[in-house]
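Trainee: Could you take a close look at one part of this chain for me? I'd like to hear about a single residue and what lies around it.

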Amino acid sequence: SAPPVKNVAGYGVERVGAWQLLSDGDTDVDAIYRLTRGIPNITFSRELKGTSLPPGVMSPFNAQSTLFHCDAFWSVSLPLSVHSRVSDIWRAYMAERLMWEAGLGVAFLPSFINATDRNFHKPYFDYQAELPLYQKAGILTKYLAKWN
């Protein structure tokens with residue numbers, strides 16, 4: 001079974017199914033960030049503890065720097081019916097909802113990764129690919145929150 005939450009400000013989460021590690025440097029941000037602010041150079045505080053979200057609260061997490069416990073390994077698969085810029089976020093929302101049913105949660109951990117060698121981005125083309133996120137994420141999360 002998944003390990004209990006330790007060194008994480010757990011808000012109603014006793015077992016973690018997925019850990020999203022924050023990344024310093026040119027971290028993964030959406031195209032709107034890149035279009036309006038340029039290439040990020042973010043440094044997260046090393047003093048931060050991790051945090052988890054209570055059941056009923058969703059936050060996207062991506063496919064990069066994410067670890068899955070074997071109890072949640074079913075949530076590793078990415079949807080193939082959408083662009084790769086969207087698939088990991090859709091997967092995250094669906095996985096979080098199913099994790100609530102399994103008594104699992106998602107934890108976000110402080111950074112110890114520095115993303116210095118990222119894939120080349122074309123922000124305008126990334127924006128076009130990410131449009132479903134901007135247009136439909138609210139609908140999807142509302143549906144998942146009400147689903148039972």
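Mentor: Let's start with the whole chain: among contacts (heavy atoms within 4.5 Å) between residues at least 6 apart in sequence, 78% join residues at least 24 apart. This is a predicted model, where local features need pLDDT of at least 70 and side-chain atom pairs count only at pLDDT 80 or more, while totals for chains, interfaces and linings use all residues. Residues are numbered from 1 along each chain as its sequence is written, and side-chain values use heavy atoms, with hydrogens and water left out.

The pattern along the sequence is β-β-α-β-β-α-β-α, with helices (H or I, at least four residues) and strands (E, at least two) taken as DSSP runs numbered from the N terminus. Trp 147 sits in the segment after α3 (123–146). Its relative accessible area is 33%, so Trp 147 is partly exposed, which means between buried (under 20%) and exposed (over 50%), using a 1.4 Å probe and protein chains only.

Setting aside neighbours within four places in sequence, Trp 147 touches Arg 97, Leu 98 and Glu 101. Leu 98 is 49 residues away from Trp 147 in sequence, with 10.0 Å between their C-alpha atoms.

Trp 147 and Leu 98 also turn up together with Trp 74 and Tyr 143 in a nonpolar surface patch of about 420 Å². Patch members have over 30% relative accessible area and no salt bridge, and nonpolar side chains (Val, Leu, Ile, Met, Phe, Trp, Tyr) are joined within 5 Å. A salt bridge here is a side-chain nitrogen of Lys or Arg within 4 Å of a carboxyl oxygen of Asp or Glu.

Technical notes
Patch = residues over 30% accessible without salt bridge, like charges linked within 9 Å, V, L, I, M, F, W, Y side chains within 5 Å. Areas by Shrake-Rupley, 256 points an atom, 1.4 Å probe, with all protein chains shown as cover.
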